[in-house]
Amino acid sequence: LSTWESIEGQTNPADYRTKHARLLFDCGRYEEALAEYYTLTNDETNAVALSGAGKCLRELGQSEASLSAFEKALTIETNYWLLYDMGKTLMDLEEYESAVTAFETAVLLFGDYENLAQKKRAQSLYLKGLNDLSLGDEISARASFAQISNNTSAVFEKAEFYLLLLR
């Protein structure tokens with residue numbers, strides 16, 4: 001109830017709609033949140049609405065549309081969470097190299113969140129390595145596994161295991 005009261009007190013309708021959409025998303029009501037974000041995307045310069053729509057679309061299993069929304073938002077604004085969420089969508093699409101690039105860019109531009117993005121980068125490299133193995137490309141798989149740093153212990157240990165197997 002206190003959340004609704006704080007939202008209803010907004011004087012700017014766009015702020016109200018953004019907070020309402022975020023609340024719907026946080027409650028797992030992705031279709032309703034998406035509809036709310038879409039009312040805000042009429043303004044082609046609203047990166048927050050485009051990013052929110054991208055997150056909803058990803059949760060609804062529409063990864064291609066999600067990626068499109070994130071790419072459009074990136075033409076307006078670049079921020080850590082936008083790059084991070086885009087990287088997660090790229091992982092869903094099994095575009096691991098692009099996901100690694102998104103996470104690396106997030107780390108490079110916004111070091112405050114470095115640990116979180118490094119973990120996702122490591123996870124992307126690990127999945128890329130597994131994908132390379134499934135395609136029979138042991139050299140690329142080895143290269144992907146070798147790039148995973150020791151500061152992401154669980155993924156690092158898995159990568160180390162595959163590196164030992166590939167010797």
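**Figure 1. Helix α4 is largely enclosed by the rest of the structure, because 10 of its 13 residues are buried.** Buried means under 20% relative accessible area, exposed over 50% and partly exposed in between, with a 1.4 Å probe and protein chains only. The model is predicted; local features need pLDDT of at least 70, side-chain atom pairs count only at pLDDT 80 or more, and totals for chains, interfaces and linings use all residues. Residues are numbered from 1 along each chain as its sequence is written, and side-chain values use heavy atoms, with hydrogens and water left out. The buried positions of α4 are A47, A49, L50, S51, G52, A53, G54, C56, L57 and R58. These buried residues pack against α2, α3 (30–40), α5 (63–74) and α6 (80–92). Contact means heavy atoms within 4.5 Å. Helices (H or I, at least four residues) and strands (E, at least two) are DSSP runs, numbered from the N terminus. The end C-alpha atoms of α4 are 18 Å apart, which agrees with the 18 Å that its 13 residues should span at 1.5 Å a residue. The expected span is 1.5 Å times one less than the number of residues.

**Figure 2. Helix α2 (residues 13–26) packs with helix α4 (residues 47–59) at an angle of about 20°.** The two axes are 11 Å apart, and the angle makes α2 roughly parallel to α4. Axes are lines fitted to C-alpha atoms, for helices over the stretch in contact, and angles run from 0 to 180 degrees between N-to-C directions. Angles under 35 degrees count as roughly parallel, over 145 as roughly antiparallel, 65 to 115 as roughly perpendicular and the rest as oblique. The crossing of α2 and α4 is left-handed, meaning that the near helix is turned anticlockwise from the far one by less than a right angle; clockwise would be right-handed. From α2, T18, R22 and F25 meet V48, K55, C56 and E59 of α4. By class, this contact of α2 with α4 has three nonpolar, one polar and three charged residues. Ala, Val, Leu, Ile, Met, Phe, Trp, Tyr, Cys and Pro count as nonpolar, Asp, Glu, Lys and Arg as charged, and the others, Gly among them, as polar.

**Figure 3. Six residues named here, T18, H20, A21, L23, L24 and F25, are buried in α2.** The 14 residues of α2 reach 20 Å from first C-alpha to last, close to the 20 Å expected at 1.5 Å a residue. G28 follows α2 and has a positive phi, near 80°.

**Figure 4. Helices α6 and α7 (residues 96–109) pack at an angle of about 165°.** Their axes are 8 Å apart, and the two helices are therefore roughly antiparallel to each other. The crossing of α6 past α7 is left-handed. On the α6 side, the contact is made by Y80, L83, Y84, G87, K88, L90 and M91; on the α7 side, by Y96, S98, A99, A102, F103, T105, A106 and L109. By class, the contact of α6 with α7 has 11 nonpolar, three polar and one charged residues.

**Figure 5. L83 is buried, with a relative accessible area of 6%.** This residue lies in helix α6. L83 touches L74, T78, A102, T105, A106, L109 and F110, not counting residues up to four places away in sequence. L83 and A106 are 23 residues apart in sequence, and 5.8 Å separates them in space, C-alpha to C-alpha.
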